[in-house]
Each structure stands twice: as structure tokens, then as C-alpha cells.
Amino acid sequence: MVKLNRIYTRTGDKGTTALADGQRRSKADLRVETYGTVDETNACIGLARLHTEGPLDAMLGAIQNDLFDLGADLATPPTPEPLPYEPLRIVASQVERVERDIDALNAPIPALKSFVLPGGSPAAAALHLARTVCRRAERLAVRLADSDGETVSPEALRYLNRLSDFLFVASRAANRDGADDVLWVPGANR
């Protein structure tokens, strides 16, 4: 599907890039910013994976692959004319897998009695960073979906929403199932 034998093409030197269907857009275009922020989320997860192993690492690896699917989905806006290929789209089964992973990770973790501050362990801190970048990607996707003439699939929006939930629960799992969570103490420094 993808063959890259040349990394630079010079086609973006004037501030534009091509979507998957070939149309040129400004690199500051909201759609480009949205899938760029999905890519940034993926990079944050890659950093977090330097500190994970076992089932959590496998879940994160699957998510990284999904995020490339999501980027392809966002880079291929629906067109009135059929494309010469079947565009890659996020599907319900990907969202459902993330939900099952959330449930599996969350099962042994005690309920929270306060908000959690980002930190505890290197993995948890990196997963919190990924969560906040994911939330930004979600806000951009919602803004894109609300823009005239633009479409974002409901499954793509569901995936981003669920992913930020997953990353929160994963950060708690990385903190020894919440034992090393750093809890917010309201007004502690007054």
C-alpha cells in the first residue's frame, strides 16, 4: 500500500501538502493540523512504550497502528466521486477493542478519591502527555467536523474520545494499578 523510496519531494516547499486524494491544502489547514496532531499523539505513545512491557505494551502497539489508520481516514475526506481505491476508515471494531482494553486495565484499579496529577512513573507521565495531546486532536477533529464543507466520520471521533480514556486508565495501570498515582490535593499550597 505504501512505498517510500524518496523522503523529500519539494512539493511542500511553498507551504502546501497533498491529501490522500491528491488535493492540495495549506499545511495550516484544519484537516492537516488534525491528522498532524494524531501523529503527535502516536509519537507520544511511542515514547511511553519505552517504559512499558507485556499486555499494556501490546495494547499500545495496536493503538499506534490504529492511529496510522486514523491519520489515513482524516487525510482522505469523503468525495462526491468514487476514489480509485477503498479509503481506509476507522471502524467500530477498533473502538470496541479499545473499550475492552480499558475495561481489562481498569478492573484491578481502585476507584479514585481525587483527580490524578500527571506523574508517578516515567510510563505514566508519558501516557498522561499522550492523553493531553490526544484530547487536543479530538478538539481539532470536532472543530473540523463542525466546519462547513468538511466531514469527519463518527467512528473517528469515537475512537479519539475513547483513546483519551484508555490513556488515562493506562497511566494508572502503569502506576502499579494506581498505587503510585500522584493525587491532587485541592488548595494544598495556599
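**Notebook: a predicted chain**

I began with burial: of the 190 residues in the chain, 42% are buried (buried is under 20% relative accessible area, exposed over 50%, partly exposed in between, with a 1.4 Å probe and protein chains only). The model is predicted, so I noted that local features need pLDDT of at least 70 and side-chain atom pairs pLDDT 80 or more, while totals for chains, interfaces and linings use all residues. Residues are numbered from 1 along each chain as its sequence is written, and side-chain values use heavy atoms, with hydrogens and water left out.

**Overall layout**

I counted five helices and four strands in the chain (DSSP runs numbered from the N terminus, helices being H or I of at least four residues and strands E of at least two). Read from the N terminus, the order of elements is β-β-α-α-α-β-α-α-β. Along the principal axes, the C-alpha atoms fill a box of roughly 55 × 40 × 35 Å. I then looked up contacts (heavy atoms within 4.5 Å). Among those with a separation of 6 or more, 71% join residues 24 or more positions apart.

**Helices α1 and α2**

I next examined α1 (residues 30–48) and α2 (residues 54–74), whose axes come within 9 Å and cross at roughly 170°. The axes are lines fitted to C-alpha atoms, for helices over the stretch in contact, and the angles run from 0 to 180 degrees between N-to-C directions. The crossing makes α1 roughly antiparallel to α2 (over 145 degrees; under 35 is roughly parallel, 65 to 115 roughly perpendicular and the rest oblique). From α1, I listed Arg31, Thr34, Tyr35, Val38, Thr41, Asn42, Ile45 and Gly46; they meet Leu60, Ile63, Gln64, Leu67, Phe68, Leu70, Gly71 and Leu74 of α2. By class, the residues of this contact are nine nonpolar, six polar and one charged (nonpolar: Ala, Val, Leu, Ile, Met, Phe, Trp, Tyr, Cys and Pro; charged: Asp, Glu, Lys and Arg; polar: the others, Gly among them).

**Asp66**

Is Asp66 buried or exposed? I found this residue in helix α2, and it counts as buried because its relative accessibility is 4%. Its side chain makes a polar contact of 3.0 Å with the side chain of Gln94. Such a contact is a pair of N or O atoms within 3.5 Å; within protein, one must be able to donate a hydrogen and the other to accept it, and residues adjacent in sequence count only if both atoms are side-chain atoms. Leaving aside neighbours within four places in sequence, I recorded Ile90, Gln94, Arg97 and Tyr159 in contact with Asp66.

**The aromatic pair**

I found one aromatic pair in the structure. Phe115 and Trp184 form it, 5.7 Å centre to centre with 45° between the planes, a tilted arrangement. Rings of Phe, Tyr and Trp (its six-membered ring) pair if their centres lie within 6.5 Å; planes under 30 degrees apart are stacked, over 60 edge-to-face and the rest tilted. The partners are 69 residues apart, with Phe115 in the loop between α3 (92–106) and β3 (116–117) and Trp184 in the segment after β4 (182–183). Phe115 is exposed at a relative accessible area of 62%, whereas Trp184 is partly exposed at 40%.

**Positive phi**

Arg176 is not a glycine, yet its phi is positive, about 50°. With a relative accessible area of 56%, Arg176 is exposed. Asp177, in the loop between α5 and β4, is likewise not a glycine and has a positive phi of about 55°. Asp177 is partly exposed at 31% relative accessibility.
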